Amino acid sequence: MPEPLEPFEPLESYGSEGRAIASTGAGGAADLATAEAETLEKPLGGPEGGGPDKKPRSLWSDAWHDLRRNPVFIVSGLIILFLVIISIWPSLIASGDPLDCDLSKAQQGSQPGHPFGFNGQGCDVYTRTVYGARTSVTVGVLATLGVAILGSVLGGLAGFFGGAWDGVLSRITDVFFAIPVVLGGLVLLSVVTSATVWPVIGFMVLLGWPQLSRIARGSVITAKQNDYVQAARALGASNSRMMLRHILPNAIAPVIVVATIALGTYIALEATLSYLGVGLKPPTVSWGIDISSASQYIRNAPHMLLWPAGALAVTVLAFIMLGDAVRDALDPKLR
């Protein structure tokens, strides 16, 4: 017997353009072709269409987004910007010569045109305070750059390759950590006769790199264990490519934070060594030198000590506050 024919579906079951209509559970009809076309036309990422077009923010963009709204960062950044400007162009706010002294005005207080008074040699304290920012900022910035570069390179290589190189570097850093900084400065800089800033900067780099080296080493060890580094290694990426493209951008944040905080410490260390007489030497204009020369006149002329010491304290505090703000922005655990 012939098989029974399937029931014929009336033409009304098709749309005006011949597209199939499927019945829904609610008893209505849905145009499958139209629904599919509408689905393909909708942008991914929700009704706002922000999915594929909106790029995901990186750690640095998130950090900058937080820093712009942090009042501590804004205040410290403005102070540091002001210090940098007067370090480059001190004549903008001080028209005198820091080495122009008049003994007849020694230890005198504030006068018209000389708001901070005069020091023991009759030099204008205001002018010397302004010009002293150049020396302190120069020493702090150059010492920090030297420490960051040397410590990051040595620590990064030790953390990446490990083995004997890591062991040797760890023992060397232990030796340097055992040297007291101030005592080492008294011993090493006491034999230097140069009045420039380079011996002081070299001393700070010599004793400062082990701290940054350990930070960089631990950060690299953590970064190289991530899945994207292992994937790059499996795909045949060279060591230099993995270091520069994958590990360095994700391991540099702790180094930047520590270096920013250390910059203020190096400025204070330069003032301490200059106060002890083994750092910068006259005729170099430095806050540490001025504080050292004013300490013996603190009872008769306290203004000689107040202004350079206050400028030093504000500068160190600004860099420490900046480092704290950067640390809070770069550390995801603190978000």
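**Exercise 1.** Why are arginine 327 and aspartate 324 separated by about one helical turn?

*Solution.* The model is predicted: local features require pLDDT of at least 70 and side-chain atom pairs count only at pLDDT 80 or more, whereas totals for chains, interfaces and linings use all residues. Residues are numbered from 1 along each chain as its sequence is written, and side-chain values use heavy atoms, with hydrogens and water left out.

Step 1. Arginine 327 and aspartate 324 are three residues apart in helix 12, so about one helical turn lies between them. Helices here are DSSP runs of H or I with at least four residues, numbered from the N terminus.

Step 2. An α-helix has 3.6 residues a turn, so residues three or four places apart point the same way.

Step 3. The side chains of arginine 327 and aspartate 324 meet in a salt bridge, at 3.8 Å from N to O. The term denotes a side-chain nitrogen of Lys or Arg within 4 Å of a carboxyl oxygen of Asp or Glu.

Step 4. Arginine 327 is partly exposed at 37% relative accessible area, and aspartate 324 is likewise partly exposed at 27%. For these classes, buried is under 20% relative accessible area, exposed is over 50%, and partly exposed is in between (1.4 Å probe, protein chains only).

**Exercise 2.** Determine which parts of the chain are linked by the salt bridge of aspartate 166 and arginine 217.

*Solution.* Step 1. The closest N and O atoms of aspartate 166 and arginine 217 are 2.7 Å apart. This pair links distant parts of the chain, 51 residues apart: aspartate 166 belongs to helix 5 (residues 163-177) and arginine 217 to helix 7 (residues 198-223).

Step 1. Aspartate 166 is buried, with a relative accessible area of 11%, while arginine 217 is partly exposed at 29%.

Key. Helices (H or I, at least four residues) and strands (E, at least two) are DSSP runs, numbered from the N terminus.
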